[in-house]
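Keep the viewer open and follow along.

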Amino acid sequence: MTQRLRRLMIGWGAPLISGAVAAMGQAPFDFLPALLAGFVAALWWWPRCASPKQAAKFGWLFGTGYFAVTLSWIVEPFLIEPEVFGWMAPFALVFMAGGLALFWGLAGYIAKRIGGHPLAYAGTLALVELLRAYVLTGFPWALASQGLVNWGAYQAAAWIGPHGVNLAFLLVCAAVPLIVRRRWIAVPLALLIGAGVFWPVPKSDVSGDLPIARVIQPNAVQSQKWTEANVRKFFDRQVAFTAAPADPRPDLVIWPETAVPFVLEYAGPALGYVAEQAAGSEVLLGIQRTEGAGRWFNSAILLDDAGAPVAVYDKYHLVPFGEYLPFQAFFDRFGLTGLAAFGVGGYSAGDGPHVFDVPGVGPILPLICYEALFPQNVFGAPERPALLVHMTNDAWFGNFSGPYQHLAIARMRAIESGIPVVRSANTGISAVIDAYGNVLGQVELNSAGYLDLPVPTSRKMTLYSRTGDWLAMLLILGIVASAFQFRGPISVDADAGEA
């Protein structure tokens, strides 16, 4: 290999290709060998970077390749109204992938500054991924650990959370180059943690007298959902699914996010009709409501037998640039609003998580769409619920990767908290998930239907539920600090130079 070609490979090809390969480990591919191969390759090539600047560039390119593939669904919301937002689609992918990759570039720079060892890069990658979950309201989508949700290794999240599992995975990947270079001290670490991937996943017992939940999926395509020709059709479809006979009747019927085509203040007759058709079942549904002058809320309500709301929850963790625009005054100059926003300035945020006491089911915690990304939205509830109810509209995410990744995230929340999840999607994948993350039943993507299943029991309160991300933070900082004991890269090619 010529010096010029080597520089090109280290400077561009290796990180971009490694990131794109690693992305194949995420849904809908779920190809674990690719996830491992991509991160191992990056941790193999990265020590060859000759300076912190080159290491930062390598990390940024690695992240760009990874996020460009994993988050390719990000263009889909802009294509719902292509005449208005379509021009933004390519910019959204470029800026999202390149912007998130800045975290990985920062990790590369810091790791090189503290010695250039693969363990240093593994630790700093885990650290910046933890930061990514919180900075600017956070966006912890597509963590490497998300690709482990189908495997026994992710069950450790009940103790150390998603970022602790992320750290463990990255350490395994960093250990591989050490093993190949005969640093045998890493072998026990790789065997111990790697064996966890194949650890059998337990299943909840769903026998006995358990409450029954019915999840509704109307399959309303977003571009048609609010059109005059279709709005009544989708509403009637959900009513028909609610009224479908069953013996016994479900204890709880769940409609998805923004399922009702009327604002709450004017929906009385429609909600009364829904309650009547429910024939005694409790009904939880997504609706929009207004308050005061121009304040809109994305809400969930629980109906009584007459169709009156007995509990109201307003989504409080809103989607930046989707449900509201940061720096609204600036964007007002151009007449821009959030993609899913109603009213001037978009949606308003609620005052925090609420737990509804549902007869026959117990305390439930509604999570509306984006809120399922954040474990702290579960642990911040005023009491521990018996059930997480994820109401979402995955029609925004297209037909390929987005809905499958969102389902994987809901499964992560079940494992971490030890609480089952019932998921109702406008279109997407509606499902019942037990407390170990197993999908017990689902309504497939792009299908209309409903699903009646027993609500699995919760597990005992997990350690992660008590500690949050503090334990993972301590583990990560410990690894980063230990990197000082291994100062100096394993090997740096003299001819690598600056790329």
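## A helix to begin with

How many residues does helix 14 have, and how far does helix 14 reach from its first C-alpha to its last? Helix 14 (residues 402-417) has 16 residues and reaches 23 Å between those two atoms, close to the 22 Å expected at 1.5 Å a residue. That expected span is 1.5 Å times one less than the number of residues in the helix. Of its 16 residues, 15 are buried, where buried means under 20% relative accessible area, exposed over 50%, and partly exposed in between (1.4 Å probe, protein chains only). Just after helix 14 comes G418, with a positive phi of about 75°.

## About the model

Please keep in mind that this is a predicted model: local features need pLDDT of at least 70, side-chain atom pairs count only at pLDDT 80 or more, and totals for chains, interfaces and linings use all residues. Residues are numbered from 1 along each chain as its sequence is written, and side-chain values use heavy atoms, with hydrogens and water left out.

## The whole chain

The chain has 16 helices and 12 strands; these are DSSP runs numbered from the N terminus, with helices being H or I of at least four residues and strands being E of at least two. Of the 499 residues, 58% are buried. The chain exposes about 19,900 Å², with carbon and sulfur atoms supplying 65% of it; accessible areas come from the Shrake-Rupley method with a 1.4 Å probe, and for residues only the protein chains shown count as cover.

## Nonpolar cores

A nonpolar core is a set of buried Ala, Val, Leu, Ile, Met, Phe, Trp, Tyr and Cys residues joined through side-chain atoms within 4.5 Å. The largest one has 96 residues, and those with the most contacts inside it are F39, W104, W141, L284 and I364. Apart from that core lies another of 19 residues, among them I216, W255, V274 and L303.

## Salt bridges

The structure holds 9 salt bridges, each a side-chain nitrogen of Lys or Arg within 4 Å of a carboxyl oxygen of Asp or Glu. D394 and R423 form one at 2.7 Å, N to O. This pair links distant parts of the chain, 29 residues apart: D394 is in the loop between strand 8 (387-392) and helix 14, while R423 is in strand 9 (residues 421-425). Both D394 and R423 are buried.

In helix 10 (residues 231-243), D236 and R232 sit 4 residues apart, about one turn of the helix. Their closest N and O atoms are 2.8 Å apart in a salt bridge. D236 is partly exposed at 31%, and R232 is exposed at 55%. Elsewhere, R289, E291, R295 and D314 are linked in a network of salt bridges.
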